[in-house]
Amino acid sequence: SDSSMMLFELYIMGKNGNGVQTEINLKKAREIALKAISFNNQKFLEKYIPMYNLAKINADFKKTLGEAFIEDFDLDKYIKVAADNGSPAMMYLYSHILPKGELKQKYETGAANCGWTEAQGMLSVHCFMEKDYEEAYSWAKKANEKGDYMGANTLGQCMLMGYGNCEIEEEKGLNLILDSIARGAPIITIG
């Protein structure tokens, strides 16, 4: 709910978007986050979990949020339950907890199939690195349409070289790559 999101911000940062200020309370922030995960609160998960996981917030907030989550060693269990209940955000987060392998790919692919943009972008990169160019192109196209910079990077690579049975469009491919790098994507190469 909106109130749990405002309380979470308040306890994590000592203030929220409404100008309310208080002392940082990581224990209360963790309780709110775990409750949101256990109830599969999509609005909460989509706003905060990807921000923590993908470092889309400033370093202080990421550090504080990281501390709040690291203190609870059972967090993986809550994330897995939410992932198994169909939360795309939790599928994606859980895929980052797991070591490389089929199970990791299952959760990442599940999140991508549910339309989770970051999962689509990362899946395009993983497929590209594994030289499965048709899959890479397919996922990259979907992610890029939603503005994902990793998807844009992979799509640019495919267009530049004609990978994935796409038409070679060198200028468009190069522009996608350069734009994605400017937005933080790493340079992807096959060596």
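1. Basis. The model is predicted, so local features require pLDDT of at least 70 and side-chain atom pairs pLDDT 80 or more, while totals for chains, interfaces and linings use all residues. Residues are numbered from 1 along each chain as its sequence is written, and side-chain values use heavy atoms, with hydrogens and water left out.

2. Fold. The protein chain contains 11 helices and 0 strands, and its pattern along the sequence is α-α-α-α-α-α-α-α-α-α-α. Helices (H or I, at least four residues) and strands (E, at least two) are DSSP runs, numbered from the N terminus. With a contact taken as heavy atoms within 4.5 Å, residues 24 or more positions apart supply 50% of the contacts in the protein chain with a separation of 6 or more.

3. Burial. Of the 191 residues of the protein chain, 46% are buried; buried means under 20% relative accessible area, exposed over 50%, and partly exposed in between (1.4 Å probe, protein chains only). Helix 6 (residues 88-97) is mostly covered, with 8 of its 10 residues buried. Among them are Met-90, Met-91, Tyr-92, Leu-93 and Tyr-94.

4. Largest pocket. A pocket is an open set of points on a 1 Å grid over the protein atoms alone where a 1.4 Å probe fits, with protein on both sides within 12 Å along at least five of seven lines; lining residues have an atom within 4 Å of a point. Its volume is the space filled by probe spheres set on the points, which are joined across faces, edges and corners. The largest pocket holds about 320 Å³ of space. It is lined by 14 residues, and Gln-105, Glu-108, Leu-123, His-126 and Glu-130 are the closest to its centre. Helix 7 (102-113), helix 8 (117-129) and helix 9 (133-145) each give two or more residues to the lining.

5. Cysteines. The structure holds 0 disulfides, a disulfide being a pair of cysteine sulfur atoms within 2.5 Å. Cys-158 is buried, at 0% relative accessible area. The closest cysteine sulfur to that of Cys-158 belongs to Cys-166 and lies 5.6 Å away, too far for a bond. Cys-114 is partly exposed, at 44%.

6. Charge pairing. The count is 1 salt bridge, defined as a side-chain nitrogen of Lys or Arg within 4 Å of a carboxyl oxygen of Asp or Glu. Asp-179 and Arg-183 form a salt bridge at 3.2 Å, N to O. Asp-179 is partly exposed at 39% relative accessibility, and Arg-183 is partly exposed at 36%.
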